[in-house]
Amino acid sequence: MHIWRPAGNVRVKALGLAWRDNRLLASEIYSDDGALKGVRPLGGSVEFGETWRDTILREFKEELGVDVTPVGKPMVDENIYNHHGALGHEIVFVCDVIFPDDAYVGQDYIEFFEDQGQPCVARWFEMDMFESGKIELFPNGLLNKLKARSKYSDALN
């Protein structure tokens with residue numbers, strides 16, 4: 001098992017919201033004891049000289065071998081959190097992505113590797129899993145932003 005701690009500085013992250021049949025693709029996040037702590041959409045750290053959009057393209061290609069298409073403007077948020085006593089601080093760009101229709105068809109989960117070779121699992125999650133509190137969605141505040149966006153789009157239709 002890999003023990004992870006947040007960096008001791010502000011990090012800029014870009015995450016892509018890949019949807020299939022109203023389910024969100026998210027990577028599992030574990031506590032030090034191996035218990036599932038929550039999930040987060042796929043993406044990663046913005047590298048120096050790279051745009052948030054290019055980060056999303058690179059991360060999905062590196063981790064899953066797929067070409068996604070970011071759509072729309074990103075939601076931008078500041079995420080200050082605590083993970084096992086270590087303070088984390090991120091500026092996070094989050095946007096919808098078009099996930100290839102033919103990629104991972106019929107698979108409920110996807111095994112992949114992070115940059116350092118750490119094995120990871122991503123799954124397609126129904127939104128009610130997050131809304132019911134059965135599983136936590138990271139970064140903090142993302143669920144509320146998605147619910148607000150959904151309510152706003154419902155009001156327009």
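Which residues line the largest cavity? The legends below answer this question and then turn to other parts of the structure.

The structure is a predicted model, in which local features need pLDDT of at least 70 and side-chain atom pairs count only at pLDDT 80 or more, while totals for chains, interfaces and linings use all residues. Residues are numbered from 1 along each chain as its sequence is written, and side-chain values use heavy atoms, with hydrogens and water left out.

**Figure 1. The largest cavity and its lining.** The lining of the largest cavity consists of Met 75, Asp 77, Asn 79, Val 92, Val 94, Pro 139, Asn 140, Gly 141, Leu 142 and Lys 145. A cavity is defined on a 1 Å grid over the protein atoms alone, as a set of points where a 1.4 Å probe fits but cannot get out; lining residues have an atom within 4 Å of a point. Rolling a probe the size of a water molecule over the atoms shows where empty space is left. The count comes to 1 cavity of 30 Å³ or more, and the largest cavity holds about 60 Å³ of space. Here grid points are joined across faces, edges and corners, and a volume is the space filled by probe spheres set on the points.

**Figure 2. Elements and residue classes around the largest cavity.** At least two lining residues come from each of β4 (69-83), β5 (86-98) and α3 (142-156). Strand β4 gives the largest share of this lining, 3 residues. Helices (H or I, at least four residues) and strands (E, at least two) are DSSP runs, numbered from the N terminus. By class, the lining of the largest cavity holds 5 nonpolar, 3 polar and 2 charged residues. Ala, Val, Leu, Ile, Met, Phe, Trp, Tyr, Cys and Pro count as nonpolar, Asp, Glu, Lys and Arg as charged, and the others, Gly among them, as polar.

**Figure 3. The cis peptide bond at Pro 139.** Phe 138 and Pro 139 are joined by a cis peptide bond, with omega about 0°. Most residues other than glycine have a negative phi, and most peptide bonds are trans. Pro 139 is placed in the loop between α2 (127-131) and α3, and it is also one of the residues that line the largest cavity.

**Figure 4. Salt bridges around Arg 58.** A salt bridge is a side-chain nitrogen of Lys or Arg within 4 Å of a carboxyl oxygen of Asp or Glu, and by this rule the count comes to 8 salt bridges. One of them pairs Glu 47 with Arg 58, the closest N and O atoms being 3.6 Å apart. This pair links distant parts of the chain, with Glu 47 in the loop between β3 (36-45) and α1 (52-64) and Arg 58 in helix α1, 11 residues apart. Arg 58 also meets Glu 59 in a salt bridge (3.0 Å, N to O). A further salt bridge joins Arg 58 to Glu 62, with 3.4 Å between the closest N and O atoms. Both residues of that pair lie in helix α1, 4 residues apart, about one turn of the helix. Through shared partners, salt bridges join Glu 47, Glu 50, Arg 58, Glu 59 and Glu 62 into one network.

Figure 5. Buried means under 20% relative accessible area, exposed over 50%, and partly exposed in between (1.4 Å probe, protein chains only). Arg 58 has a relative accessible area of 15% and is therefore buried. Glu 59, like Arg 58, is buried. Glu 47 counts as partly exposed because its relative accessibility is 45%, and Glu 62 counts as partly exposed because its relative accessibility is 44%.

Figure 6. Asp 21 has a phi near 50°, a positive value in a residue other than glycine, and is found in the loop between β1 (11-20) and β2 (23-30). With a relative accessible area of 62%, Asp 21 is exposed. Asn 22, which is not a glycine either, has a positive phi of about 60°. Asn 22 lies in the loop between β1 and β2 and is exposed, its relative accessible area being 65%.

Notes: 1 Å grid on protein atoms, 1.4 Å probe; cavity = no way out; pocket = protein on both sides within 12 Å on 5 of 7 lines; lining within 4 Å.
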